[in-house]
Amino acid sequence: MSQLEIKNLHVSIADKEIVKGLSLTIKGGEVHAIMGPNGTGKSTLSKAIAGHPDYTITSGEVLLDGVSILEKEADERARAGIFLAFQYPSEIPGVSIANFLRAALQARLADGEEIDASGYYKRLYAKMDLLKIDRKFTSRAVNDGFSGGEKKRCEILQMAMLEPKVALMDETDSGLDIDALRIVADGVNTMRSPELGVLLITHYQRLLDYIVPDYVHVMYDGRIVKSGDKTLAHELEAKGYDWIKKELANAKA
Amino acid sequence: MSASSLSVATNLVGSFTAEAFAAHLASLPPSLPAWWIARKRAAYEKFAALPLPARTDESWRFSSISTLTLDGFTLPSAAATQVPHAPIGIKKAAKLVFANGRLFSHEPLSAELAARGVIVTTLQDALVKHEALVREHLLAQPPKLGSAKFSALHEAFLVDGAFIHIPRGITVEQPIGVFSYALGATTAVFPHTLVVAGENSRATLVEYFGSGQDTEAQFAAGANDLYASHGAHLTYIGKQDWSHRALSFQSNSTVVRRDARVQSLNVHLGARQARHESLSQLQAPGAFSEMLALTVAESGQEFDQRTLQIHQAPNTKSDLLYKNALRGTAKTIFSGLIVVDPDAQKTDAYQSNRNLMLSDEAEANSLPGLEIQANDVRCTHGATSSRIDPEQEFYLQARGIAKAAADELLTFGFFEEVLNRLSADDLHEALRVLIQTKFKK
């Protein structure tokens, strides 16, 4: 069973500290939700772990199965088992989903080893059927002109094909109507297994009705300020983030 | 005084001396018609008299001039004993393979196509058997893009090439292949392909230029003539894959008659310095020329592409899209001109050059131009240079694709718009594979 350990992580972007000492351990099979108001560092956390070059980790540690990933490039982290589902996936004109995923899987093979094309398509179509995605999808260019829902489904398909150890899902629900949200949530739920740890980043409790988390964390001003089970999400929904802010202010006073 | 003019004259011809020319003429078969030999003599005189390009020549703006040398090359005499394995695996209707300017091997047309009058043969053969057609079209369009000296050199030293004629109303389904190889360390070659597509005929031509070894410092001055008669549809694909130390000049001329359409795609991969000139003349209403090019330029390479779209009749259309991907310290030049004659009303002309900069050291130059003398036309042109979007690159890396492979994938994505213009899927795929070989080096 795999495990992602985030230890006292500090992340800056252009010398401004955004994540200010965050610790969290995600074990295989667990779904952790991080909620919090906008601008609190949720997306920064996921991008920093995935290795985005704009984010500088100033201190702390991120270990995947006990091994630090912070010295690795983004592509090495991905091959080690980290998957970032983007809030705003890039459009890649001219590169079909089939070729894109093939290149991603090829990258995981040893030098000189070639991907087996027929086996690849068989697996791709099986995953698409599982996620109820039309096979015509594979010949379209990655995210090019996709609707918000199609982009998120494309992310889920990639996740299903790449079989990560840990998925960091950044605002996967943003821009989705309720039908698209349900499809995406179904996709994640079918992938839930002891082999996969999930970190769900979301602003709204709505997503958590569909992907029920084992743990809920509230992030505020770069730190986790409160943790609990799924009932915490409902409490947040009822009381709003001001409740957290007040509680923090009281604690300081 | 006379000594100095003599030394200038020597510099003007380099290895291509009067003695070399006389030896070349002596090596040609005696069967060739006298008018052709006379033209070659005149071409040599012209070549020897014309100056080399100068820095101040507008048609050579941005080009590296000091590296344009005529010295140090040899005219091959011995016949080749073997040629490299052809990298393009598609089924062909017929195939001609030239090595050092001479026919090396050929795969003939089917008996059925031959019986219907389709001709795929050598120029030397056609000069005798189809003299009138060759005389009418061979190098019939004067060079207009700056390479008059190299075009004259080509005509003077042209040994042999391909002649293709598709008679009226005939469709050749599979592509016709022409392969030209330069073999030997300092070899100079002068490949030529002449295509005469008869009225309402259909054909695709795939041409490949390659070297024996990638280290050979060769010289190539090639040309082709494409002539599309009334209603003909012609697709031309040229793949330039000379040695990375070669110096290459290629001058292509396309004449499009009434309601005919020519699609040409030139893929540029090889040579240290490659000048490519493309002239399209739209001579009658309904004529359409689609001019496409893809270039992968890397350190130590300069690709210099000059184009001219001339609309000589009303209701004609041209559509040019040239895409360059630049790596390392590569340099590219695109200079394109659309000319619309006074009576070419309702012209629809488009010209676009797009450069993908894969490195900060690469240099892409663009000179788009319009010269419009009619008042009811639609002409657009544009040039862009852009770097890979770092967010796109991160997206690919976040899927486990390393930076080099990500750049390759994004380059293919960039090229796809051009490759998608091809209607034949197997050609599309064959070109992908060929372009990929450049990334594997």
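This is a predicted model: local features need pLDDT of at least 70, side-chain atom pairs count only at pLDDT 80 or more; totals for chains, interfaces and linings use all residues.
1. On the side of α7(A) the contact is made by L232(A), E235(A), L236(A) and K239(A), and on the side of α8(A) by Y241(A), W243(A) and I244(A). By type, the residues of this contact comprise 5 nonpolar and 2 charged, with no polar ones.

2. The largest nonpolar core has 119 residues, and those that touch the most other members are L4(A), L157(A), M169(A) and L200(A), together with L265(B) and L396(B). Helix α9 of chain B (residues 403-419) gives the most to this core, namely 8 residues, and within chain B both domain 1 (2-284) and domain 2 (393-441) supply at least three residues each.

3. For L396(B), once its neighbours within four places in sequence are left aside, the contacts are I92(A) and F100(A) in chain A, and I401(B), A406(B), L409(B) and L410(B) in chain B. There is also a second, separate core of 43 residues, whose members include V120(B), A162(B), I170(B) and A274(B).

4. S110(B) sits in the loop that runs between β2 (102-107) and α4 (111-115) of chain B, and it counts as partly exposed because its relative accessibility is 33%, a value between the 20% and 50% cut-offs. Although S110(B) and A94(B) are 16 residues apart in sequence, their C-alpha atoms are 7.8 Å apart in space.

Note on methods:
Residues are numbered from 1 along each chain as its sequence is written. Chains are lettered from A and ligands numbered from 1 in the order in which they are written. Side-chain values use heavy atoms; hydrogens and water are left out. Contact means heavy atoms within 4.5 Å. Helices (H or I, at least four residues) and strands (E, at least two) are DSSP runs, numbered from the N terminus. Ala, Val, Leu, Ile, Met, Phe, Trp, Tyr, Cys and Pro count as nonpolar, Asp, Glu, Lys and Arg as charged, and the others, Gly among them, as polar. A nonpolar core is a set of buried Ala, Val, Leu, Ile, Met, Phe, Trp, Tyr and Cys residues joined through side-chain atoms within 4.5 Å. Buried means under 20% relative accessible area, exposed over 50%, partly exposed in between (1.4 Å probe, protein chains only). Domain bounds come from an automatic or database domain assignment.
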